[in-house]
Amino acid sequence: MRRRYFLVRSVNILLIAALVFAYQMIALDRQDKEAAALEKVKQQQAEQRKASGAAAFRDGEYTGSAEGYGGAIEMKVTVSGGAIEKIDIVSASGEDAQYLNMAKGVIPEIIESQSPDVDTVSGATYSSTGIINGVTAALRKAAGQ
Amino acid sequence: MSENTVRTTKKQKRKFPGAEQICDIVIKAVFFFAFPAAWSAGFAGVKYLGERIHSGEPVEMSTFLAMLLALAAFTMVFGRFFCSRACAFGTYGDVLYAVFHWKKRGPGRPGSKQMIPDAAASKLRYVKYGILVLVCALCILGFSSQVAGSSPWTFFSQLVALKPKLGGTAGIVGLVLFVICSIGMAAEKRAFCRFLCPFGAVFSILPVLPFSMVQRKQKECIKGCRACANVCPARLDLPYSDIGGSTKAASADTAAAETAKYQFSMGECFGCSKCARICPKQNAGCATMKKGGKGIAWDIVKAVILAGLLTVAAGV
């Protein structure tokens, strides 16, 4: 009886896993195609940035802090060659570890787009908003405002 | 009978908690304070899958998904130990219920008070599957931020972290739902978990390895004894292994009935071990849910494994 229960319920999981897997295959295929298109756009943008000559930010290390989920999050932005090179979290003592981990996902996006104008991580809205706003505050200093 | 009369005399109205109860309280307290967000983060994994399907992006390993997978894997091996011991919302409900039933409480007292009759409860428990489907559908359709903001769990986890934020209408909806859930939990054992919890619905459809599934033998049962059903927070009527099981069936009909009982009710088992502890003949239980010292040892083993899994998942 217990074994039967186990087998019947295993079918549930296999079905769900199969559905997610099928979706994953479709999505990966689509992502490859999109990535190729995006790469072209990025190259163009980079060329434009070079051509305009004006570095967006002054080189150096800047810190900025903003309200996260459970207090202030302090961020450090390293600018070199006029571009955002590195972003570190200096302190985020009020954040839950798993949420902060999720929220960290915005950092590579900011570096990639060279702008803090990125979407928040859903499910970790407060923490990711704190990171984004902290970086924004730091970049304001880098821009000399 | 004599035990009941003894228990109702004033002096022994409340039995001092035994080692099993103390072990339960310690495990619950540790998980409540160490992993208050485990359940909202794990369920965020379910919502994450829905959001990905909405956006058309491939699924990537993330902390939320890791929490979901860790909890699902653990449940498939040990049953819903997470629900009975580690879930912060469940512990909150247990405390509420205990406070509101302080005077009337007593383990397995016959006719223990229940607001919702069993017949209605056996239908109400399907509501949680509806909520799970609804939440998934809303995430797939792109309303995940509204869902997240108005969920009572969000409000609860903020409360646990002592930082309630009442942002906009969604936050107020969350507060109202939280109050309703609290009233339910105070009135009826685990009302939220049994009838409304969508994460519980996820656990209910998972297979559980046979050695972690509770059952009993009919031939061992004392006639008319309903100790296990009365003490069960899910009000489950445990199936008989010796009727529907591998041993010679009494009749095909009863065997089929027992198997059906297993299929439709045992996903509701929280794995709290209370039936195994109360049974005067040590008839209810399974390999990982036992009475006395062995049961305590198993509980500690499960708690350590679960804590380890959650810690690893939180770092993904």
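**Questions about a predicted two-chain model**

Me: Which residues are linked in a network of salt bridges?
Reply: In this predicted model, Asp24(B), Arg85(B), Arg277(B) and Asp299(B) are linked in such a network. Over all chains, the structure holds 16 salt bridges.

Me: Why is the pair Lys28(B) and Asp94(B) called a salt bridge?
Reply: The closest N and O atoms of Lys28(B) and Asp94(B) are 2.6 Å apart. The cut-off is 4 Å between a side-chain nitrogen of Lys or Arg and a carboxyl oxygen of Asp or Glu, so the pair qualifies.

Me: What does that pair tie together?
Reply: Lys28(B) sits in helix 2 (residues 19-34) of chain B and Asp94(B) in helix 6 (residues 88-100) of chain B, so the bridge ties together parts that are 66 residues apart in sequence.

Me: Is Lys28(B) buried or exposed?
Reply: Its relative accessible area is 14%. Buried means under 20%, so Lys28(B) is buried.

Me: Which arginine also meets Asp94(B) in a salt bridge?
Reply: That is Arg190(B), at 2.8 Å from N to O. Arg190(B) lies in the loop between helix 11 (168-187) and helix 12 (191-196) of chain B, 96 residues from Asp94(B). With 4% relative accessibility, Arg190(B) counts as buried too.

Me: Why is Asp237(B) called partly exposed?
Reply: Its relative accessibility is 33%.

Me: How do you know that the span of helix 4 of chain B agrees with its 16 residues?
Reply: At 1.5 Å a residue, helix 4 of chain B should span 22 Å, and its end C-alpha atoms are 22 Å apart, so the two agree.

Me: What makes up the contact between the chains?
Reply: Chain B gives 47 residues and chain A gives 32 residues. The buried area is about 3300 Å², with carbon and sulfur atoms giving 61%. Between the chains, 11 residue pairs are in polar contact, while the rule finds 0 salt bridges there.

Terms used: Residues are numbered from 1 along each chain as its sequence is written. Chains are lettered from A and ligands numbered from 1 in the order in which they are written. This is a predicted model: local features need pLDDT of at least 70, side-chain atom pairs count only at pLDDT 80 or more; totals for chains, interfaces and linings use all residues. Side-chain values use heavy atoms; hydrogens and water are left out. Contact means heavy atoms within 4.5 Å. Buried area is the accessible area (1.4 Å probe) that two parts lose on being put together, summed over both. A polar contact is a pair of N or O atoms within 3.5 Å; within protein, one must be able to donate a hydrogen and the other to accept it, and residues adjacent in sequence count only if both atoms are side-chain atoms. Helices (H or I, at least four residues) and strands (E, at least two) are DSSP runs, numbered from the N terminus. The expected span of a helix is 1.5 Å times one less than its number of residues. Buried means under 20% relative accessible area, exposed over 50%, partly exposed in between (1.4 Å probe, protein chains only).
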